[in-house]
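Okay, thanks for coming, everyone.

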Amino acid sequence: LKIATGKSHAKIILLGEHAVVYNEPAIALPLPDLNMLVTVTKRDFGQIILAENYQGPLSEMTEAFEGIRQLINRLLKFFKMPNLAFSLKIQSTIPLERGMGSSAATAVAIVRAFFALFETPLSNLELQRWANVEESITHGSPSGIDAATAAHDVPVWFMKGNLPEPIAMDLDATLIIADTGVHGQTGLAVSVVREQLQNDPIETQNHLTALGDLSRAARNFLAKNSADKLGPIMTTAQEHLDAIGVSHPYLNNLINAALEAGALGAKLTGGGVGGAMLALADNHADIEAIIAALEKAGAREIWVQKYQVKRG
Ligand code: PMV
């Protein structure tokens, strides 16, 4: 082919962040409204990248894009076309560095685009391995949850060291995601928990186990359209996350504002210590009121993902 495309979308951790580093399960949900399109076009010469944050030759990409550069070089080698002349355009509505897996989504869309260009079938497992090439360079995420979940377009159940398991979701509800504006630092947050575990092993382990139990309970409610039960699980998870030291006053503000405005539940998502929170609301709730409350409480940016199951 002369031109091919690959798509992917954002994901968000519903439950289980941090506990997943200690072998408890986590649940990640796709955010299909925040997506990415990669277009590869063969050209006569050059290897050109056209992204919002970088336009230029592949070989001159700076360190921040090292994962992408190496991924593309590995793909070209795999297809035995290391000098293929192409342009690769990345169009994305996924916010960067907000715990929505934008780098893993980029990797997935690039891999899909090249496999399409070379008209080669690609299994989910292969896709995940390829995405990991980029993620291990860009993130070094302790659990590997981002690369594992990005290859799936459905909710996944993830345990460290295992393949992610697609799980059933029958949920009519809306997720409202709000950014504190404080740069979340996943690496720092992970080390906060590690220290807590050393200083106060019994108490900290209890919180991590409780977080795992909440993921296990949530799985059932997710499959049974029980947003009213899922919400309180999220809020309880937030209490445990706060207790292990990964929340932040700005996160707590937004979480309280969402709950007061009628959300069924709310918690931080991803690494914490800043970053983003998410609230769950009934589709018939006053979503605008929750958004207004979050704005008033200082949310820097807000994204809304509505889930609606078609019933036949
Ligand atoms: O901030 P994110 O979306 O990269 O998620 C981090 C999740 C943690 O559990 C805190 C760390 C990990 O590697 O799983």
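This is a predicted model: local features need pLDDT of at least 70, side-chain atom pairs count only at pLDDT 80 or more; totals for chains, interfaces and linings use all residues.

**Helix 6 and what surrounds it**

So, let's begin with helix 6, where the buried residues are Thr204, His207, Leu208, Leu211, Gly212, Leu214, Ser215, Ala218, Arg219 and Leu222. And what do the buried residues of helix 6 pack against? Two of the partners are helices, helix 5 (186-199) and helix 7 (227-243), and the others are strand 1 (3-15), strand 2 (26-42) and strand 6 (156-158).

The protein has a mean pLDDT of 94, with 99% of its residues at 70 or more. For the complex, the predictor gives an ipTM of 0.97 and a pTM of 0.91.

Okay, the ligand. It has 16 residues around it, and the closest are Gly99, Ser141, Ser143, Gly270 and Gly271. Helix 4 (145-150) and helix 5 are the elements that give two or more residues to that shell, and helix 5 gives the most, with three. By class, the shell has seven polar, seven nonpolar and two charged residues.

On to helix 2, residues 102-117. Its 16 residues should span 22 Å at 1.5 Å each, and its end C-alpha atoms are 22 Å apart, so again that agrees. Why do I call helix 2 largely enclosed by the rest of the structure? Because 15 of its 16 residues are buried. Glutamate 119 follows helix 2, and its phi is positive, near 45°.

Which brings me to backbone angles. Most residues other than glycine have a negative phi, so I looked at a couple more exceptions. Histidine 18 has a positive phi of about 70° and is in the loop between strand 1 and strand 2. Lysine 80, at about 55°, is in the loop between helix 1 (66-78) and strand 5 (86-92). Buried or exposed? Histidine 18 is buried, because 30 other C-beta atoms lie within 10 Å, whereas lysine 80 counts as exposed, with 8 C-beta neighbours inside 10 Å.

Note on methods:
Residues are numbered from 1 along each chain as its sequence is written. A residue is buried if 20 or more other C-beta atoms lie within 10 Å of its own, exposed if 12 or fewer, and partly exposed in between; C-beta atoms are placed from the backbone. Helices (H or I, at least four residues) and strands (E, at least two) are DSSP runs, numbered from the N terminus. Two residues are in contact if their C-beta atoms, placed from the backbone, lie within 7 Å. A residue is near a molecule or strand if its C-beta atom, placed from the backbone, lies within 6 Å of it. Ala, Val, Leu, Ile, Met, Phe, Trp, Tyr, Cys and Pro count as nonpolar, Asp, Glu, Lys and Arg as charged, and the others, Gly among them, as polar. pLDDT is the predictor's confidence in each residue, from 0 to 100. The expected span of a helix is 1.5 Å times one less than its number of residues.
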